[in-house]
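Reader: Hello! Could you take me through a close look at one part of this model, the charged side-chain pairs, and then at what surrounds them?

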Amino acid sequence: MTNAQLRVGVVMFAGMTQLDMTGPLEVLSAVPGWTVDLVAPTMSPVLCGKGFAFTPTVDFESAPQYDLLVVPGGPGVDDAMLDPAIVTFVRTQAAHSSYVFGICTGSLLLAAAGCLTGRRASCHWQAVEFLTYFGVIPSRDRMTIDGRFFTSGGVTAGIDMALKVVGELAGVEVAQGIQLLIEYDPEPPFQAGVPETAPAAVVERLKASTTARRERRLQAVLSASKAAGFA
């Protein structure tokens with residue numbers, strides 16, 4: 001645990017999943033003394049995967065070195081993994097930050113930047129096996145901590161891991177206070193949040209409907225892996 005006043009940088013890129021960003025952002029920005037930047041390649045608004053726009057507070061060129069780097073995921077990861085400016089920024093920041101937090105397929109972007117090689121990492125269940133193309137050990141745990149790297153499963157798991165990050169870095173009582181503040185007490189109406197508990201028909205239907213998207217991601221992963229020297 002540390003009582004340091006941390007500077008947090010949340011990376012934004014086109015096509016990110018907004019809850020990957022905004023869920024952890026709600027938690028991390030509530031820590032007393034912590035400052036949070038929304039950092040993007042330029043100061044232009046960033047469109048998430050659903051088309052909503054978010055305004056950066058700082059661009060890559062003027063961003064300071066962050067103590068905690070946060071990398072969300074989303075469909076836009078496919079392009080972000082192949083964008084030299086984004087990959088370089090993530091790699092450089094992660095190399096010097098004290099802690100790194102990847103949400104959902106944000107783990108793929110961290111992996112493409114060479115940050116997770118030889119480490120265990122979580123990711124969305126439909127993409128977790130792609131981590132192996134970057135020398136990463138895939139984890140199906142909802143939350144995985146490997147040294148200074150915190151990674152989580154798909155989308156909503158980012159809130160869980162954000163609270164875990166706060167508990168580890170600022171203290172359990174601080175994290176518990178934030179959990180109470182946002183009344184985070186999940187009670188999902190269906191046991192369908194992971195393929196292990198969802199009805200088989202639902203799992204198969206979702207897999208079928210995302211076949212094309214999965215193939216596009218695989219091709220992006222293969223290209224990013226080759227560019228990073230893993231293949």
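**A buried pair and its surroundings**

Author: Let us start with two residues that are both buried: R217 and D78. This is a predicted model, and in it the side chains of R217 and D78 form a salt bridge, with 2.7 Å from N to O. R217 belongs to helix α8 (residues 211–227) and D78 to helix α2 (residues 77–80), so this pair ties together parts that lie 139 residues apart in sequence.

In one of them, the side chains of E196 and R140 meet at 3.0 Å, N to O. E196 sits in the loop between α6 (172–181) and α7 (200–209), while R140 sits in the loop between β9 (137–139) and β10 (143–146), so the pair ties together parts 56 residues apart in sequence. Here E196 is exposed, with a relative accessible area of 56%, and R140 is partly exposed, at 39%.

The other joins the side chains of R142 and D160, at 2.8 Å from N to O. R142 is in the loop between β9 and β10 and D160 is in helix α5, so this pair ties together parts 18 residues apart in sequence. R142 counts as partly exposed, at 39% relative accessibility, whereas D160 is buried, at 18%.

Now for the nonpolar side. In general, nonpolar side chains in soluble globular proteins tend to be buried together. The largest nonpolar core in this model has 72 residues, and those with the most contacts inside it are L28, W34, M81, F101 and L108. Helix α5 (residues 157–170) gives the most to this core, with eight residues. As for M81, if we leave aside its neighbours within four places in sequence, its contacts are V87, L108, L109, A112, F134, A220, V221 and A224.

Finally, the cysteines. The structure holds zero disulfides. C104 is in none, and its nearest cysteine sulfur, that of C123, is 6.1 Å away.

Terms used: Residues numbered from 1 in each chain as written. Predicted model: local features only at pLDDT ≥ 70, side-chain atom pairs only at ≥ 80, totals over all residues. Heavy atoms only, no water. Disulfide = S-S within 2.5 Å. Core = buried A, V, L, I, M, F, W, Y, C linked by side-chain atoms within 4.5 Å. Buried < 20%, exposed > 50% of the residue type's maximum accessible area, 1.4 Å probe, protein only. Helix = DSSP H or I, 4+ residues; strand = E, 2+ residues; numbered from the N terminus. Contact = heavy atoms within 4.5 Å. Salt bridge = Lys/Arg side-chain N within 4 Å of Asp/Glu carboxyl O.
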